[in-house]
Amino acid sequence: MTCKRLHQAIVSSLLFAGLAAPTFAAAPPNSDTGELDSETGAQVFQKAPYSPYAGRSFPTRAFFGDTHLHTAVSLDAVATGCKVGPEGAYRFARGEEVVSSSGQRAQLSRPLDFLVVSDHAEAFGTMIEVIKGNPAMMADPKLRAWHDSITAGGDSAIKTAWEIIAANATNSLPKALVDPAIVRSIWEAYVKTAERFNEPGRFTAFIGYEWTSMPGGNNLHRVVIFRDGADKALRTLPFGANDSENPEDLWKTLAAYEDKTGGRALAIPHNGNISGGQMFALADFMGKPLTRKYAETRSNWEPVIEATQQKGDGESHKFLSPSDDFASYAPWDKMNLGGDKLHEDKMFQFEYARAALKNGLKLEQQLGVNPFKFGMIGSTDSHTGISAVEEDNFFGKAPPYEPSAHRATHEFMKLGDRKVMAWELNSAGYAGVWATENTREALWDAIKRKEVFATTGTRLVVRLFGGFDFDAKDAQSRVPAAVGYAKGVPMGGDLREAPAGKSASFLVAALKDPMGANLDRIQIVKGWVDDKGAVQEKVYDVAWGDAAKRKPAADGKLPAVGSTVDVPSATWTNTIGDPELITVWKDPAFEPKLRAFYYARVIEIPTPRWTAYDAKYFGEKMPSEVPMTTQERAYTSPIWYTPKAQAK
């Protein structure tokens, strides 16, 4: 990158981050100094202050973090050799160097802003006692056998880890592993560690865990995140699939927690691509048709989903979106999570976010409530205790897949003649949250209102606003958020009752990761229910890099941005693409009588994939089928449009 382009990128980042505008209360005429209101005692102003940042009340910064990380407290992580506990996880996330489970020094390029250590609720921390050889545990022949194979290490430990996962999936864990007394003692230490590392304004350590329902090997997992501190979180225990595999029972448990403590909690469903067609099914857990009550309950407890992580990307798939050139990013579409069921084409529409968003519009017409009205975030699901997913700093899914020669060509899962290889692991992802400050309360509230976006591990920044009055000059503002909030709603918001003669319009802006790649393009993904009741979708290119040279072809397709990647040296240059993109886009096919949603997808220029960095570092020649480049991306939460006659 030239000095000029670097300067441009840095200045743009600063301008984009300073998205601010003043708000004012009524005041005495011609007064530009604060006077006390006779009734409230508050200072009021008439004239706008010189500082454009004074009085701002909306989010001006995107915070990056991981809402899905496992440590040695998780039964499968410790079984595969994880030695990093919650303390090490927090230290790593806030930027410190740690030693990984495989004995390697590891550090982030930049600290994260927040972290949820989300260890499995099932056998919460008790596998540590098995590995230690706790005599009470060793009395059980099954636990003795697990102890012996785990301590032997290698493939034996990996095989046992899958056996443990299968036992959890079939609710057949030995009783000693789910002893409430042991779980409570571990939970108390776990919560206190989060309290110790939580530093409001600097680093947020959320209290959370993972509910790991996996009936028949189908991934129905949810991460639970509390808004609260230890005073409330210690009044509950992690609710596991051994308690119930039905998500409705998890929601009831969270409701009981809120009633009992006055606290707040939410649940985040995992990537649905390995759920065997169950994550976004049109029936409940018991196979009954969805009801309005179900829709209301699910949308309340699950405001966002995890759209991308290490076990594949769940935004879209080529089978569902054949005309989308960027669908099927890092796909996992061979079998379910347990390796118990081969994937079938009929499952796709109930596994991917875009299809679920479309089905949600149709369900809203039928039920009056949309059960799939969710925002999108990314996270890692790493079982190493460290959230390291930059392509040149990828520490893998679990300790056996930490950096080492030939890790990419190791078999990860197998069912029949179908295999998932370790090179298919996706180095992803992170959650971007637009919040007013770095605290549990502000971040949790932003997640709840869906003002969030997913990235595949990059820290590019994106904002999306929707309204009916945006025009081209709004994209020239250096404070786009001020215009966005004044004229419309942010990502996660709702547009209702289009004014006569007006179309939905969107202000969208994106900035490159300061340490990453330039931007290829911004796209708007639209989904809607047509006048015949069928769901439709269309992807629009709305802004792109190198605009002076790249023009859409006759078929409307935008030419590829090109590539500067040198695979053998695992390098690239930012000589193509743009460091920032911003535009106002008006829906050319807007129909005020039809339900719709819109979200932004931002694509970076090609860069080396983690497999290319491995090949260079270890001097390894990868098989021809291994992808060596990637185009990282981000997905915003949608903005929904509801016609006047259908608005509830």
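**Close-up views of a predicted model**

The structure holds 45 salt bridges. The model shown in these views is predicted.

**View A. Three strands, β11, β10 and β12, form an open sheet.** The strands lie in the order β11-β10-β12, and their pairing is mixed. Because β11 (312-313) and β12 (375-378) each have a single partner strand, they stand at the edges, and one side of each is left without a neighbour in the sheet. Strand β10, which spans residues 304-309, pairs with β11 in the antiparallel sense over two bridges. Within this part of the sheet, Thr308 stands opposite Asp313 in β11.

**View B. The largest nonpolar core comprises 126 residues.** Trp187, Tyr209, Phe374 and Tyr598 are the residues with the most contacts inside this core. Helix α8 (residues 180-197) contributes the largest share, seven residues. In soluble globular proteins, nonpolar side chains tend to be buried together.

**View C. Arg601 and Asp324 are joined by a salt bridge between their side chains.** The N to O distance is 2.7 Å. This pair links distant parts of the chain, 277 residues apart: Arg601 belongs to strand β24 (residues 596-604), whereas Asp324 lies in the loop between β11 and α12 (353-367). Arg601 has a relative accessibility of 0% and therefore counts as buried. Asp324 is likewise buried, with a relative accessible area of 3%.

**View D. Lys487 forms a salt bridge with Asp471.** The closest N and O atoms of the two residues are 3.8 Å apart. Lys487 is in helix α14 (residues 480-487), and Asp471 is in the loop between β17 (461-467) and α14; the pair links distant parts of the chain, 16 residues apart. Lys487 is partly exposed, with a relative accessible area of 29%. Asp471, with a relative accessible area of 26%, is also partly exposed.

**View E. Salt bridges that share partners join six named residues, Glu315, Asp324, Arg354, Lys358, Glu537 and Arg601, into one network.** Among the members of this network are Asp324 and Arg601, the pair whose side chains meet at 2.7 Å, N to O. Side chains of opposite charge can pair when their charged atoms come close.

**View F. The side chains of Arg264 and Glu258 meet in a salt bridge.** The distance from N to O is 3.6 Å. Arg264 counts as partly exposed, because its relative accessibility is 34%.

Definitions and conventions: Residues numbered from 1 in each chain as written. Predicted model: local features only at pLDDT ≥ 70, side-chain atom pairs only at ≥ 80, totals over all residues. Heavy atoms only, no water. Pairing = 2+ DSSP bridges. Helix = DSSP H or I, 4+ residues; strand = E, 2+ residues; numbered from the N terminus. Core = buried A, V, L, I, M, F, W, Y, C linked by side-chain atoms within 4.5 Å. Buried < 20%, exposed > 50% of the residue type's maximum accessible area, 1.4 Å probe, protein only. Salt bridge = Lys/Arg side-chain N within 4 Å of Asp/Glu carboxyl O.
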